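Hi,

Here is the structure I promised to pass on. Have a look at it first, and then read my notes below.

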Amino acid sequence: MSGPADHGPSVVAPRRGVADPVKTLMHRHRELCERAVHPMEIAAGLEAHGVTDRTAARFRHRDVFSLAEEMYARSSHDDGTIPHPETAGAPRPTPNQVLLSLLPGAMCAAAVAGLRLTSGRTRLAVAAAGVLAVALGARAALRHGPLSPPGHTSSGVSVPGTRACTYWLLVYALLGDGLLAATVAGGPDGLPDGTPAGAWPLTTAPFLALTLACAPAAWTAHLFTARARRRLATSRGLDEFTAFVRPLLLGAFGLFLCALTGLLAASAAALHEPAGYAQALALGALLLLARLLVTHGFTHAPAVALGAAAAVEALALATVLAARLPGCGLLAGPVDTLVTARGPGAVQALACAAAALALLVHAIRALTRASAHARPEEQR
């Protein structure tokens, strides 16, 4: 007797008259069973295809791992050709990937140094070249570095959508606070001149710290992924795996925030500018969580979160500008009040913090599942 369906499209529920329903399931996931070197790998693959403990009970097993153990025991394995489970961790970043993770910070540091050593039209040329160099460095790091997406992603919003929002958020981190402050005051009275004291000031210290943080972000992401995949080969159940990975995720997240805090303090001291801890930490947390999810094949939630934060920042600027039209003065009320009370960085801080919190809740659910860390061939 079978109850309501609660599994994905690839799950074959036992039908009346089928003598061996587990054998039917094994046939559907034959490649998964043959490649597996540990029952946990089969459990992760079943989880990825929507098999739950409730589904496993219909195969007369207490949970998914127990079902996976039987499937593993009944599968034929050639131990001479299959690697040991302990070698199935995350691949180490190549030297090129390590260099790419350092590239945005190096380009930004060179651009900031150039701005400090030049003036007039030369400074504007250096600023333009620096922005282009940082943009190209960030593009290379996001597409080919350690934080690049895998060869397979879940269905949903495409990865380029997350990159576009990432670029917007980074540009706003550099120009947005100064533009918002100048707009609220009735300006801006001119274009950016590449200094933090101009008519349209730049917030270079937080921006420099964020670009430098690409390297610790890549390191903490690799640490999380490598330890989670090693645990995948030794766990005795999905619940045990989740109990291990949840604090691992939170620890890696906290480690990155500590590294970013240190970079903010160092950048502020070197440039003699405000560090902007609130907005920079909120943005850094949002970007790290988004890249962690993208690198594990989850693209929809990061695109929504990044897009929402970018939309809030754009809307704040738009309402202040729209308030200059006749009869629309009330539109700028909320933003004016927030900027007056907490400064222009409050808009960025609130937008990114809210998006990061929502993404953290989603990441705790998505990235603590065994299927999120299974190799692509284990999920077929």
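What follows is a quick tour of what turned up, starting with the whole chain and ending with a few single residues.

**Before you zoom in**

Please keep in mind that this is a predicted model. The average pLDDT over the protein chain is 77, and 67% of the residues score at least 70. Two stretches need some care. Over residues 78-88 pLDDT stays under 50, and the model has ten contacts there beyond four places in sequence. Residues 152-158 also stay under 50 in pLDDT, with 13 contacts beyond four places in sequence.

**The chain as a whole**

The secondary structure comes to 15 helices and zero strands. The protein chain has 380 residues, of which 48% count as buried. If you take the contacts between residues at least 6 apart in sequence, 77% of them join residues at least 24 apart.

**Helices around H15**

Two packed helices are described by the angle between their axes and the distance between the axes. With that in hand, look at H15, residues 345-366.

H12 packs against H15 at an angle of about 30°, and their axes are 8 Å apart. The cut-off for roughly parallel is an angle under 35 degrees, so H12 counts as roughly parallel to H15. The crossing of the two is left-handed. On the H12 side, the contact residues are Ala278, Gln279, Ala282, Leu283, Ala285, Leu286, Leu289, Ala290 and Leu293. On the H15 side, they include Gly345, Gln348, Cys352, Leu359, Leu360 and His362, along with several alanines such as Ala349 and Ala356. What kinds of residues make up the contact of H12 with H15? They divide into 17 nonpolar, four polar and no charged.

H11 (238-271) packs against H15 too, at an angle of about 145° and with the axes 9 Å apart. This crossing is right-handed. Here Arg246, Leu249, Leu250 and Phe253 of H11 meet Leu360, Ala363 and Ile364 of H15. That contact divides into six nonpolar residues, no polar and one charged.

His272 is in the loop between H11 and H12, the latter covering 277-295. Its phi is near 55°, a positive value in a residue other than glycine. Is His272 buried or exposed? His272 is exposed, with a relative accessible area of 72%.

**Some buried spots**

- H9 (residues 204-212) is mostly covered, with eight of its nine residues buried. Among them are Thr204, Pro206, Phe207, Leu208 and Leu210.
- Thr319 lies in H13, which covers residues 300-322. Its relative accessible area is 16%, so Thr319 is buried. Leaving out residues up to four places away in sequence, Thr319 touches Leu331, Ala332 and Val335.
- Gly114 lies in H6, residues 95-117, and is buried with a relative accessible area of 16%. Its C-alpha atom is separated by 7.9 Å from that of Ala127, 13 residues apart along the chain.

If you open the model, I'd start with the contact of H12 with H15 and then follow the chain back to His272 in the loop between H11 and H12.

Cheers

Technical notes
Residues are numbered from 1 along each chain as its sequence is written. This is a predicted model: local features need pLDDT of at least 70, side-chain atom pairs count only at pLDDT 80 or more; totals for chains, interfaces and linings use all residues. Side-chain values use heavy atoms; hydrogens and water are left out. Helices (H or I, at least four residues) and strands (E, at least two) are DSSP runs, numbered from the N terminus. Buried means under 20% relative accessible area, exposed over 50%, partly exposed in between (1.4 Å probe, protein chains only). pLDDT is the predictor's confidence in each residue, from 0 to 100. Contact means heavy atoms within 4.5 Å. Axes are lines fitted to C-alpha atoms, for helices over the stretch in contact, and angles run from 0 to 180 degrees between N-to-C directions. Angles under 35 degrees count as roughly parallel, over 145 as roughly antiparallel, 65 to 115 as roughly perpendicular and the rest as oblique. A crossing is left-handed if the near helix is turned anticlockwise from the far one by less than a right angle, and right-handed if clockwise. Ala, Val, Leu, Ile, Met, Phe, Trp, Tyr, Cys and Pro count as nonpolar, Asp, Glu, Lys and Arg as charged, and the others, Gly among them, as polar.
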